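Dear colleague,

Please find below the structure that I am handing over to you, with its sequence. My findings follow directly after it.

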Amino acid sequence: MLFLTFQSSASSQFGETTGGVSKFYFDAVVFSSGIGSGARIDFYVLVPFQSLRFEKTNNVFASKYALEFIFLDSTGNKVLSKIVEKKIIAKDYYISQGGDGSFDYTQKIFELPPGEYKVKIKLIDKLNDNTYERSRTITVLDFNKYGFSLSGILLVSSIEEVNG
C-alpha cells in the first residue's frame with residue numbers, strides 16, 4: 001500500500017514565499033548509488049521567471065542567477081557546497097515577467113555517505129542582489145545495510161534518456 005501526502009500551504013518546504021508568491025521550488029530524492037554505502041541525491045529546482053530581474057539586451061530580456069547548494073552534517077559543519085551559475089533569455093517583456101508561466105529548471109546530482117544532512121539552497125539574483133533561501137533535512141540511508149530497501153519516490157510526467 002502506498003500513501004502520498006501533499007502540503008497545500010503556500011509556504012511549504014518546496015518554495016519560499018514573499019507576499020504569497022513563491023520565489024523558487026525544490027525537491028530532493030535519495031537513491032542508492034549502487035557503489036559502496038553512499039547514496040545519490042537528485043535535486044530538482046524550479047525558478048519562475050517572475051522571481052528574477054530581467055534586463056533588456058539586444059531585443060531580448062536576460063537574467064543571471066546562481067543556485068548555491070550547502071550541505072551541513074548533524075553537528076552543523078559544512079560538508080559540501082556547490083554553486084551553479086545560470087543565465088536565461090526571454091524573447092519579450094511579457095515572458096520575462098512570468099506572463100506565460102515560464103520557469104527555469106535545474107537538476108543537480110550529489111553523492112554523499114549515509115547520515116542526516118541539513119540542505120540549504122540559496123537563489124541569488126545577480127541583477128539585483130536579492131537572495132532567497134530554503135532548507136530541509138535529508139536522511140541518506142546506508143542501502144547496503146538492509147536486505148530490502150527502497151529509494152525515494154520520484155513522480156514524473158515524462159522520461160527523456162540522455163547519454164544512457
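**Arginine 53 and its surroundings**

Arginine 53 is partly exposed, with a relative accessible area of 40%. Please note that the structure is a predicted model. Arginine 53 forms a salt bridge with glutamate 55, and the closest N and O atoms of this pair are 3.8 Å apart. Glutamate 55 is likewise classed as partly exposed, because its relative accessible area is 34%.

Aspartate 125 is buried and has no salt bridge. Its nearest side chain of opposite charge is that of arginine 53, at 6.8 Å. Leaving aside residues up to four places away in sequence, aspartate 125 touches Ser51, Leu52, Arg53, Lys64, Tyr65 and Asn130.

**Overall architecture**

The protein has 1 helix and 9 strands. Read from the N terminus, the order of elements is β-β-β-β-β-β-α-β-β-β. The chain comprises 164 residues, of which 37% count as buried. Of the contacts between residues at least 6 apart in sequence, 62% join residues at least 24 apart. The protein exposes about 10300 Å², and carbon and sulfur atoms supply 49% of that area.

**Further salt bridges**

Side chains of opposite charge can pair when their charged atoms come close. The count for this model comes to 5 salt bridges.

Lysine 126 forms a salt bridge with glutamate 85, with the closest N and O atoms 3.7 Å apart. Lysine 126 lies in the loop between S8 and S9, whereas glutamate 85 belongs to strand S6 (residues 78-90), so the pair ties together parts that are 41 residues apart in sequence. Lysine 126 is partly exposed, at a relative accessible area of 40%, while glutamate 85 counts as exposed at 52%.

Lysine 86 forms a salt bridge with aspartate 104, the closest N and O atoms being 3.5 Å apart. This pair links distant parts of the chain, with lysine 86 in strand S6 and aspartate 104 in strand S7, 18 residues apart. Aspartate 104 is buried, because its relative accessible area is 12%.

**Aromatic pairs**

A search of the whole structure finds 9 aromatic pairs. In one of them, the ring centres of phenylalanine 43 and phenylalanine 71 are 5.7 Å apart and the planes stand at 75 degrees, so the pair is edge-to-face. It links distant parts of the chain: phenylalanine 43 is in strand S3 (residues 39-48) and phenylalanine 71 is in strand S5, 28 residues apart. Both phenylalanine 43 and phenylalanine 71 are buried.

The rings of phenylalanine 69 and phenylalanine 110 have their centres 5.3 Å apart and their planes at 55 degrees, so this pair is tilted. Phenylalanine 69 lies in strand S5 and phenylalanine 110 in strand S7 (residues 103-112), so the pair ties together parts that are 41 residues apart in sequence. Phenylalanine 69 is buried at a relative accessible area of 0%, and phenylalanine 110 is buried at 6%. Ring pairs link Phe26, Phe43, Phe69, Phe71 and Phe110 into a cluster.

**Surface patch**

Tyr25, Leu46, Phe103 and Tyr105 make a nonpolar surface patch of about 380 Å². Tyrosine 25 is found in strand S2 (residues 21-32) and counts as partly exposed, at 37% relative accessibility.

**Backbone angles**

Most residues other than glycine have a negative phi, and most peptide bonds are trans. Which residues have a positive phi although they are not glycine? Asparagine 59 is one of them, with phi near 70 degrees. Asparagine 59 sits in the loop between strand S4 (55-57) and strand S5 (60-72) and is exposed, with a relative accessible area of 65%. Aspartate 129 is another, with a positive phi of about 60 degrees. Aspartate 129 lies in the loop between strand S8 (115-125) and strand S9 (131-140) and counts as exposed at 63% relative accessibility.

Yours sincerely

Conventions: Residues are numbered from 1 along each chain as its sequence is written. This is a predicted model: local features need pLDDT of at least 70, side-chain atom pairs count only at pLDDT 80 or more; totals for chains, interfaces and linings use all residues. Side-chain values use heavy atoms; hydrogens and water are left out. Patches are made of residues with over 30% relative accessible area and no salt bridge: like charges are joined within 9 Å, nonpolar side chains (Val, Leu, Ile, Met, Phe, Trp, Tyr) within 5 Å. Accessible areas come from the Shrake-Rupley method with a 1.4 Å probe; for residues, only the protein chains shown count as cover. A salt bridge is a side-chain nitrogen of Lys or Arg within 4 Å of a carboxyl oxygen of Asp or Glu. Helices (H or I, at least four residues) and strands (E, at least two) are DSSP runs, numbered from the N terminus. Buried means under 20% relative accessible area, exposed over 50%, partly exposed in between (1.4 Å probe, protein chains only). Lys and Arg count as positive and Asp and Glu as negative; His and the chain ends are not counted. Contact means heavy atoms within 4.5 Å. Rings of Phe, Tyr and Trp (its six-membered ring) pair if their centres lie within 6.5 Å; planes under 30 degrees apart count as stacked, over 60 as edge-to-face and the rest as tilted.
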